[in-house]
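Welcome, and take a moment to look over the model below.

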Amino acid sequence: MTRGQAERLWPMIEAMLARGGVGYGDIDAIGVGIGPGSFTGIRLGVSAARGLALAIGKPAIGVSMFAVMAHGRTEGEMLISLPGPVGSAYIQRFREQHAQGEAHQIAPENPPTDLHGFNGIEVIGWRAETIARQIAASFQDAAPVDIPATIARIALTRLKNGGDGSRPAPLYVRAADAAPSRLTPPPRIG
């Protein structure tokens, strides 16, 4: 959708609950994708999850797309790669489904030198072969599969393990590039 996501979200949630034959009182926790992704979409989803969690008194658990890609891969070092803007890649290292450091934006054809020398690392995801060739690693081209169900599984596992105790927040790998409209100046206050 190019417009109207906020207006459609709550009716979609209510339709999903109705299809499942459950109501808000049946929810034990809320799993929400935190990105990276569309700035507006991620903010909207995280805000809705946090608001609903507050309203029903249940936890909201944020799950990154990196964690979705790493889910079920239990051995070895991984470099998860997701599509970024203008041909770039968002990457994050994982070991046994746990993030190892922060996510970064890179040029797949010219990754930073600190990625070289990770013996045994496997690059998984978008442009994996290109990145792997540059750092002498193995690779697996893959795309996220069944994202909502995977987010739910990860959130459930985290809930059973005590959760992370924090409120979900959008995962922005790069700074926002939105700017105020040049046609309509911001209002002056005072």
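What you see is a predicted model, in which local features need pLDDT of at least 70 and side-chain atom pairs count only at pLDDT 80 or more, while totals for chains, interfaces and linings use all residues. Residues are numbered from 1 along each chain as its sequence is written, and side-chain values use heavy atoms, with hydrogens and water left out.

Let us stay with the pockets. On a 1 Å grid over the protein atoms alone, a pocket is an open set of points where a 1.4 Å probe fits, with protein on both sides within 12 Å along at least five of seven lines, and lining residues have an atom within 4 Å of a point. A volume is the space filled by probe spheres set on the points, which are joined across faces, edges and corners. The second largest pocket holds about 280 Å³, and of its 19 lining residues the closest to the centre are Ile-34, Gly-62, Ser-64, Arg-158 and Leu-171. Helices (H or I, at least four residues) and strands (E, at least two) are DSSP runs, numbered from the N terminus. Strand E2 gives this lining its largest share, three residues.

The largest pocket has a volume of about 1,300 Å³. Of the 40 residues lining it, Ile-13, Met-16, Ile-30, Gly-31 and Val-32 are the closest to its centre. At least two lining residues each come from H1, strand E1 (30-35), H2, strand E2 (60-64) and helix H5 (147-160).

Now turn to two of those helices. H1 (residues 5-20) and H2 (residues 39-56) pack at an angle of about 45°, with axes 11 Å apart; axes are lines fitted to C-alpha atoms, for helices over the stretch in contact, and angles run from 0 to 180 degrees between N-to-C directions. Contact, meaning heavy atoms within 4.5 Å, is made by Gln-5, Ala-6, Leu-9 and Trp-10 of H1 and Leu-44, Ala-48 and Leu-52 of H2.

Finally, two backbone details. Most residues other than glycine have a negative phi, and most peptide bonds are trans. The bond from Gly-35 to Pro-36 is cis, with omega near 5°, and Pro-36 sits in the loop between E1 and H2. Gln-97, not a glycine, has a positive phi of about 70°.
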